[in-house]
Amino acid sequence: MPGPMEEIVTTAPTTPAAVLPGTRVDAAGVVLRGVGRTFGDHRVLAPLDLDLAAGGTVALVGASGSGKSTLLRLIAGLDTPSTGAVTVAGEPVRGVHPRTAVVFQEPRLLPWRDLAGNVAFGLPRGTSRADGRAEVLRWLEVVGLEEFAGHRPRRVSGGMAQRTALARALVRRPGVLLLDEPFAALDALTRLKMQDLLDEVQRSTGATVVFVTHDVDEALHLADRVLVLGKDGQDEDGARIVRDLAVEAPRPRDRADAATARLRVELLDLLGVPRSA
């Protein structure tokens with residue numbers, strides 16, 4: 001908790017004023033072949049094949065327990081498939097892959113480090129002190145937190161903490177940025193602002209983005225492609241991709257776009273929420 005004389009900062013610019021130089025990354029494609037995951041006798045994911053193009057933004061949606069986070073963890077190398085293989089940029093994923101970075105639902109910041117120190121924690125090994133300092137400041141500026149670099153996590157809002165977590169991932173310059181419900185714990189307005197920030201960051205960096213969400217509107221606002229995970233057979237068969245939807249509207253998108261609204265109805269129906277509900 002903040003001390004008696006400390007003030008929690010709750011507001012800061014949410015999007016960069018312009019695309020900053022030097023933020024472009026080398027986007028990587030992801031390929032899954034026969035990838036499945038079983039825990040004991042419980043099959044979570046049926047073997048699946050999937051190709052994710054470099055530079056695309058893909059949303060994973062589905063009911064709770066449909067294997068979205070499991071699939072994300074397999075791509076990240078945080079878990080090992082029971083069958084099949086995952087490659088990133090043509091290289092097999094065995095453990096955490098150096099071309100990937102993950103943003104979780106909770107910021108998971110180190111409370112004894114300031115925001116700059118937390119971002120620096122994500123720097124690749126071997127980065128020099130001078131280069132590291134420049135990279136940390138660059139990505140704090142991208143997420144609009146350069147003025148708060150010296151603040152400890154307890155002094156900033158939840159949205160600012162999550163932006164710090166995003167900068168910590170970006171400082172790795174990942175070819176694939178993976179996010180597991182990154183905005184689920186935020187209030188509605190902050191969540192909308194963070195969605196716009198992620199869209200700006202993706203268009204600026206060109207990174208491949210894969211994110212898990214339960215929010216259909218979030219998926220349609222950010223993604224070029226929405227993968228719906230679910231079960232089309234018996235429970236023991238495990239989840240699979242039951243629909244692969246392309247979102248062709250150019251980004252940045254108008255949340256009131258009619259074409260997106262039609263896709264929203266289709267997605268909600270797939271998720272068991274018909275229009276009359």
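These legends go with a set of close-up views of a predicted model. Residues are numbered from 1 along each chain as its sequence is written, and side-chain values use heavy atoms, with hydrogens and water left out. Because the model is predicted, local features need pLDDT of at least 70 and side-chain atom pairs count only at pLDDT 80 or more, while totals for chains, interfaces and linings use all residues.

**View 1. Helix α4 and what covers it.** Helices here are DSSP runs of H or I with at least four residues, strands are runs of E with at least two, and both are numbered from the N terminus. α4 runs over residues 158-170, and its end C-alpha atoms are 18 Å apart, which agrees with the 18 Å that 13 residues should span at 1.5 Å a residue (the expected span is 1.5 Å times one less than the number of residues). Twelve of the 13 residues are buried, meaning under 20% relative accessible area with a 1.4 Å probe and protein chains only; exposed is over 50%, and partly exposed is in between. Among the buried ones are Met160, Leu166, Arg168 and Leu170. Their cover includes β6 (100-103), α2 (115-120), α3 (129-142), β7 (176-180) and α5 (188-205), going by contact, which is heavy atoms within 4.5 Å.

**View 2. Helix α5 and its packing partners.** α5 has 18 residues and reaches 26 Å from first C-alpha to last, close to the 26 Å expected. Its buried residues include Arg191, Met194, Leu197, Leu198 and Val201. The buried residues of α5 pack against β3 (57-62), α3, α4, β7, β8 (208-212) and α6 (216-222).

**View 3. The largest pocket.** Its volume is about 330 Å³, and 14 residues line it, with Ala101, Val102, Phe104, Arg168 and Arg172 nearest its centre. β6 and α4 are the elements that give two or more residues to the lining. For the record, a pocket on the 1 Å grid over the protein atoms alone is an open set of points with protein on both sides within 12 Å along at least five of seven lines, and lining residues have an atom within 4 Å of a point. Points are joined across faces, edges and corners, and the volume is the space filled by probe spheres set on them.

**View 4. Two arginines over two rings.** The charged end of Arg37 sits over the ring of Phe39, 4.1 Å from its centre. Likewise, Arg108 lies over the face of Phe104, at 4.0 Å from the ring centre. The rule asks for NZ of Lys or CZ of Arg within 6 Å of the ring centre and within 35 degrees of the ring normal.

View 5. Most residues other than glycine have a negative phi, and most peptide bonds are trans.

**View 6. The cis bond at Pro252.** A cis peptide bond, with omega about 0°, joins Arg251 and Pro252. Pro252 lies in the loop between β10 (240-246) and α7 (258-270) and counts as exposed, at 55% relative accessibility. Beyond its neighbours within four places in sequence, Pro252 is in contact with Asp199 and Arg203. The C-alpha atoms of Pro252 and Glu200 are separated by 8.0 Å, though 52 residues apart along the chain.

Definitions and conventions:
On a 1 Å grid over the protein atoms alone, a cavity is a set of points where a 1.4 Å probe fits but cannot get out, and a pocket is an open set with protein on both sides within 12 Å along at least five of seven lines; lining residues have an atom within 4 Å of a point.
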